[in-house]
Amino acid sequence: MDYVSALVPPIVMAAFFIGLVVTIVKSQGGANKAKEDAVVDAVIARAEAGQPIQK
């Protein structure tokens, strides 16, 4: 039974890591991509114009 207790932590960590990667991949793009791109473009434009960035 020692081998079971030795294998459980790496298997659990691998499952969480796979879930994290899947979540990241699924959240890329989608409906909010245009809004996110617009926000980034606005921040870059303000930075290039020398205006302070408001939070």
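Here is a chat about a predicted model of one protein chain.

Student: Okay, how many helices and strands are there in the chain?

Tutor: The chain has two helices and zero strands. Keep in mind that this is a predicted model.

Student: Where do the helices sit?

Tutor: Helix 1 covers residues 2–27, and helix 2 covers residues 33–49.

Student: What's the radius of gyration of the chain, and what would a compact globule have?

Tutor: The chain comes out at 21 Å, while a compact globule of 55 residues would be near 10 Å.

Student: How much area does the chain expose, then?

Tutor: About 5,100 Å², and carbon and sulfur atoms supply 69% of that.

Student: Which residues make the nonpolar surface patch?

Tutor: The patch is made by M1, Y3, V4, L7, V8, I11, V12 and F16, and its area is about 870 Å².

Student: Let's pick Y3. Is Y3 buried or exposed?

Tutor: Y3 counts as exposed because its relative accessibility is 58%, and the cut-off for exposed is over 50%. You'll find Y3 in helix 1.

Student: What about A38, which helix is that in?

Tutor: A38 belongs to helix 2. Its relative accessible area is 45%, so A38 is partly exposed. That label goes to values between the buried limit of 20% and the exposed limit of 50%.

Student: How far apart are A38 and Y3 in space?

Tutor: They are 52 Å apart, C-alpha to C-alpha, and 35 residues apart in sequence.

Student: Now A49. Where is A49 found?

Tutor: A49 is in helix 2 too. With 55% relative accessibility, A49 counts as exposed.

Student: Switching topic: how many positive and negative side chains does the chain have?

Tutor: There are 5 positive and 5 negative side chains. The centres of the two sets lie 8 Å apart.

Conventions. Residues numbered from 1 in each chain as written. Predicted model: local features only at pLDDT ≥ 70, side-chain atom pairs only at ≥ 80, totals over all residues. Heavy atoms only, no water. Patch = residues over 30% accessible without salt bridge, like charges linked within 9 Å, V, L, I, M, F, W, Y side chains within 5 Å. Areas by Shrake-Rupley, 256 points an atom, 1.4 Å probe, with all protein chains shown as cover. Salt bridge = Lys/Arg side-chain N within 4 Å of Asp/Glu carboxyl O. Helix = DSSP H or I, 4+ residues; strand = E, 2+ residues; numbered from the N terminus. Buried < 20%, exposed > 50% of the residue type's maximum accessible area, 1.4 Å probe, protein only. Rg over C-alpha atoms; globule rule 2.2 N^0.38 Å. Lys, Arg positive; Asp, Glu negative; His and termini not counted. Charge placed at Lys NZ, Arg CZ, Asp CG, Glu CD.
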